[in-house]
Amino acid sequence: MKLRHSIGLASLISLALAGPTLAMDARFKDANGDMVADAPTDAKQWIDPATLVFAYTPVEDPAVYAPVWAPFLDHLSKVTGKKVQFFPVQSNAAQLEAMRAGRLHVSGFNTGSNPIAVNCAGFVPFAMMASKDNRFGYEMEFITHPGSGIEKIEDIKGKRMAFTSETSNSGYKAPSALMRQQFKMEAGKDFTPVFSGKHDNSILGVANKDYPAAAIANSVKLRMEARGVVKPEQTKVIYKSASFPTTGYGYVYNLKPELAEKIKQAFFSFNWEGTTMAAEFNKAQPPQEKFMPITYKQHWAVVREIDQAMNVSYACK
């Protein structure tokens, strides 16, 4: 079987962008044009919590990641002088609502959720995991299991297709755009969409033959294989995209500016060597070995283009 490769970022960007204007919520201001919310000009509107609440994007079982993040959160506490609490969010919606409501201060939002978090929750992303030589990214994959009868995307017609959630880039938006534009396949008409909630649920579902096929982020699959949760031979890849940016890390816009700067300092001064962070995230390809600076305006441009092609609205509900 020849693997169909690359969703082709250029192909998606060239889609007819008939979507809505991707506007920031009216309660935020962007005077400098960097596409993220500015800190309030009135110091009375700044928040300076005694305990910083941190959440990692809910792509897998949160219980697995509390000890993984422990050394970084200890470092964050030392640099900021604050207590730090790990918040095990169960869904993208819960994570977004927590930041919007002021209960979440520092977080990693997955690729697809970043634009919604920025525009609706006042998220200010500034960092992303990368290799020591600044390589980063992951690919969206269509996977199936041996014996499914699926050898190419067209074979999904008439079958069930697992997605993660509607806010996910690789788990829903990018594969849906691909299927619609390149393969003329519509959910509910040509195949039956099911939503697993998380990438690991989709991967396990395919590995255990509960789903015939799924769209997933291969970085999650690689980590699950490295931990022995699934075996490589339980799944097979029928399509692999070009690279997308990974989880973006940042803070809520109305933190006291001095505290926001200390949070940035903590990310970029963290020593990964010999930590549980290294043990978990070095398994990715490229390996994730440090936090590198990013900008939402530059690094999420292709994701915003996909959102427009998918008619995604960033309006707050």
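In which helix does S170 lie? S170 lies in α5, which spans residues 169–181, helices being DSSP runs of H or I of at least four residues and strands runs of E of at least two, numbered from the N terminus. The model is predicted, so that local features need pLDDT of at least 70 and side-chain atom pairs count only at pLDDT 80 or more, while totals for chains, interfaces and linings use all residues. Residues are numbered from 1 along each chain as its sequence is written, and side-chain values use heavy atoms, with hydrogens and water left out.

S170 is buried, at a relative accessible area of 2%, where buried means under 20%, exposed over 50% and partly exposed in between (1.4 Å probe, protein chains only). Leaving aside residues up to four places away in sequence, S170 touches Y138, M140, P175, H199, A215, I216 and A217, contact meaning heavy atoms within 4.5 Å.

Helix α8 comprises residues 257–269, and its buried residues are L259, A260, I263, A266 and F267. Viewed down the axis of α8, these fall within an arc of 115 degrees, so they line one face of the helix; the arc is that of the directions from the helix axis to the C-beta atoms. Among the elements that cover them are β2, α2, β4, β5, β11 and β12.

I263 and F267 also belong, with W69, F142, I156, M277 and F291, to the residues with the most contacts inside the largest nonpolar core, which has 93 residues; such a core is a set of buried Ala, Val, Leu, Ile, Met, Phe, Trp, Tyr and Cys residues joined through side-chain atoms within 4.5 Å. Its largest share, 7 residues, comes from β5. Beyond four places in sequence, the contacts of F291 include W69, F267 and M277.

Notes:
Expected span 1.5 Å × (residues − 1).
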